[in-house]
Amino acid sequence: MSLELVCPAGTPSALRAAVEAGAHSVYCGFRDETNARNFPGLNFSPDEMIEGVRFAHAHGAKVLVAINTFAKAGAMDAWKAALANAEKAGADAVILADLAVLDHAATHHPNLRLHLSVQAAAATPEAIAFYADTFGVKRVVMPRVLSVEEIAKLNAAIDVETEAFVFGGLCPMTEGRCSLSSYATGKSPNLTGVCSPPEHVAYSEDKNGTATRLNGFTIDRFGAGEQAGYPTLCKGRFMAGGKTSYLFEDPVSLNAASLIAAFAKAGITALKIEGRQRGKGYVTEVVRTFRAAVDAIDAGSTEVEVGRLLAGLVEGGRQTSGAYKKAWR
Amino acid sequence: MAEHFRGELPRLLRILAAPAGFLPLGPALTLAVRRFAHRKPAVFDRLGEYGKCSFLIEPSDLDFSFLMVPDGVRAEVKCMRGRTSQPADVTVRAPLLVLLGLLDGTLDGDAMFFNRAISVSGRTDALVALRNAIEDAELTPADFVGATGGLGKLVDRSVIGGLGLARRFTGSPISGEPS
């Protein structure tokens with residue numbers, strides 16, 4: 001196997017769908033603030049995680065448990081429990097970001113394989129070496145601000161595996177450092193596991209279309225028939241300099257399928273599909289399509305057609321290769 | 001927006017479906033949901049406090065709507081003719097085939113929202129919780145009629161096959177395809 005396909009699962013049924021669609025690995029989290037997709041009704045109880053790992057292993061797939069929010073000072077019990085429950089379930093690795101959680105895992109769960117979450121935003125050989133030397137981290141998920149060439153250079157300078165996002169929602173900010181959601185709602189993906197928590201999101205319709213509000217702030221308005229995006233501030237439309245536009249980023253999804261061969265050449269170990277908040281329909285379609293693409297590249301193809309196949313699943317109806325092909329630096 | 005979305009039932013089918021609004025759909029669906037709650041209580045645990053919220057489901061191509069409180073074994077479903085001003089915590093509006101696709105997991109809720117195939121208003125947190133609980137429920141048509149064993153498989157095969165045909169016939173979106 002040349003490239004490992006790491007796929008999202010927000011529920012046990014999504015985990016089964018991902019495995020049956022060809023995922024090499026599935027990542028998921030517990031139903032609390034210890035993971036960065038802490039949405040109502042989503043995620044796994046400890047018992048569901050045990051059953052999920054059993055199912056995945058029976059089908060030759062791995063389970064990586066995301067415990068990737070930053071622990072609250074003086075209140076680490078939830079993160080400690082998550083680590084213990086991941087080990088008890090037989091998880092193949094845990095995906096961590098917080099120094100205290102990494103330290104606790106390395107000290108009290110030495111048999112757990114540690115992956116560094118994108119939330120840690122480790123993008124230099126020095127930072128990655130620190131996590132590897134100090135806690136024994138074996139894999140680092142690459143921040144989505146690096147080009148393929150930068151990742152190749154990084155891989156040449158480090159001794160751990162790297163994992164890169166290949167499809168799905170795209171954060172324009174450096175992960176783990178973004179506080180936009182906190183300014184509007186008091187909650188963030190970093191501390192509570194939610195960007196634009198749904199209890200603060202409201203949609204309303206009038207003759208001009210649909211308005212999206214976040215805690216009372218209108219952050220976008222879609223005309224009838226216009227493609228919509230997620231209700232996040234980074235993808236909202238605002239007026240500046242007398243002009244209304246997407247100030248930070250257009251609503252658009254990452255699709256780096258055309259770069260799969262380049263990723264392999266750059267020394268990347270695993271490709272990650274974003275979307276633990278998405279349904280089984282998305283998981284099945286995206287995983288099946290990317291598994292075929294990875295297998296085709298493995299068999300010697302140089303390019304694969306993925307964009308057209310998944311066009312109906314992407315945010316804003318648009319796709320980008322993001323920073324992987326950036327030309328502005 | 002949803003009024004002109006492709007995938008809505010053709011006019012003839014709408015006319016044929018209209019008498020369904022006079023059937024006792026509410027009590028039948030109430031019974032089906034309660035029976036399902038007995039069989040799979042974990043689905044309603046996933047909903048948590050949101051089980052007490054009210055959800056108004058409006059098929060945009062039919063002249064009746066459903067008001068549901070998915071409170072496990074105390075669940076209630078009411079069927080109402082015409083467009084109602086019934087207050088609800090959440091309102092979801094979409095063509096019938098899209099709503100059924102979301103119910104059985106064939107379609108992805110976010111994708112349908114991006115494509116404007118569904119419109120929502122009210123408590124987004126309750127809607128997200130319901131969507132995730134339904135996603136994990138792995139509902140089949142047999143669950144709604146309480147059929148099990150060979151009969152259940154027959155019901156599933158027939159209804160799923162029929163829905164597939166209906167989607168192709170009406171141009172209703174399928175997962176991964178732009179609308």
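Okay, housekeeping. Residues are numbered from 1 along each chain as its sequence is written, while chains are lettered from A and ligands numbered from 1 in the order in which they are written. Since the model is predicted, local features need pLDDT of at least 70 and side-chain atom pairs count only at pLDDT 80 or more, though totals for chains, interfaces and linings use all residues; side-chain values use heavy atoms, with hydrogens and water left out.

Let's start with chain B on its own. It has eight helices and five strands, where helices (H or I, at least four residues) and strands (E, at least two) are DSSP runs numbered from the N terminus. Reading from the N terminus, the order is α-α-α-β-β-β-β-α-α-β-α-α-α. Of its 179 residues, 53% count as buried, and buried here means under 20% relative accessible area, with exposed being over 50% and partly exposed in between (1.4 Å probe, protein chains only). Now contacts, meaning heavy atoms within 4.5 Å. Take the contacts in chain B between residues at least 6 apart in sequence: 65% of them join residues at least 24 apart.

On to the interface. How many residues of chain B are in contact with chain A? The count is 32 residues of chain B, against 43 residues of chain A. Together they bury about 2900 Å², and carbon and sulfur atoms give 48% of that. Buried area, by the way, is the accessible area (1.4 Å probe) that two parts lose on being put together, summed over both.

There are five salt bridges between the two chains, each a side-chain nitrogen of Lys or Arg within 4 Å of a carboxyl oxygen of Asp or Glu. One of these pairs B:E138 with A:R16, with the closest N and O atoms 3.0 Å apart. And which parts of chain B supply at least two residues each to the side touching chain A? Those are α3 (41–47), α5 (109–114), β5 (119–122) and α6 (124–137). The largest share, ten residues, comes from α6(B). By class, that side has eleven nonpolar, ten polar and eleven charged residues. For the classes, Ala, Val, Leu, Ile, Met, Phe, Trp, Tyr, Cys and Pro are nonpolar, Asp, Glu, Lys and Arg are charged, and the others, Gly among them, are polar.

Leaving out residues up to four places away in sequence, A:R16 touches A:F55 and B:E138.

Next, A:D220, in strand β10 (residues 217–222) of chain A. Is A:D220 buried or exposed? At 6% relative accessibility, it counts as buried. Its side chain makes polar contacts with the side chains of A:R237, at 2.6 Å, and A:Y246, at 3.5 Å. A polar contact is a pair of N or O atoms within 3.5 Å; within protein, one must be able to donate a hydrogen and the other to accept it, and residues adjacent in sequence count only if both atoms are side-chain atoms.

Over all chains the count is zero disulfides, a disulfide being a pair of cysteine sulfur atoms within 2.5 Å. For A:C28, the nearest cysteine sulfur is that of A:C7, 12 Å away. For A:C178, the nearest is that of A:C195, at 6.2 Å.
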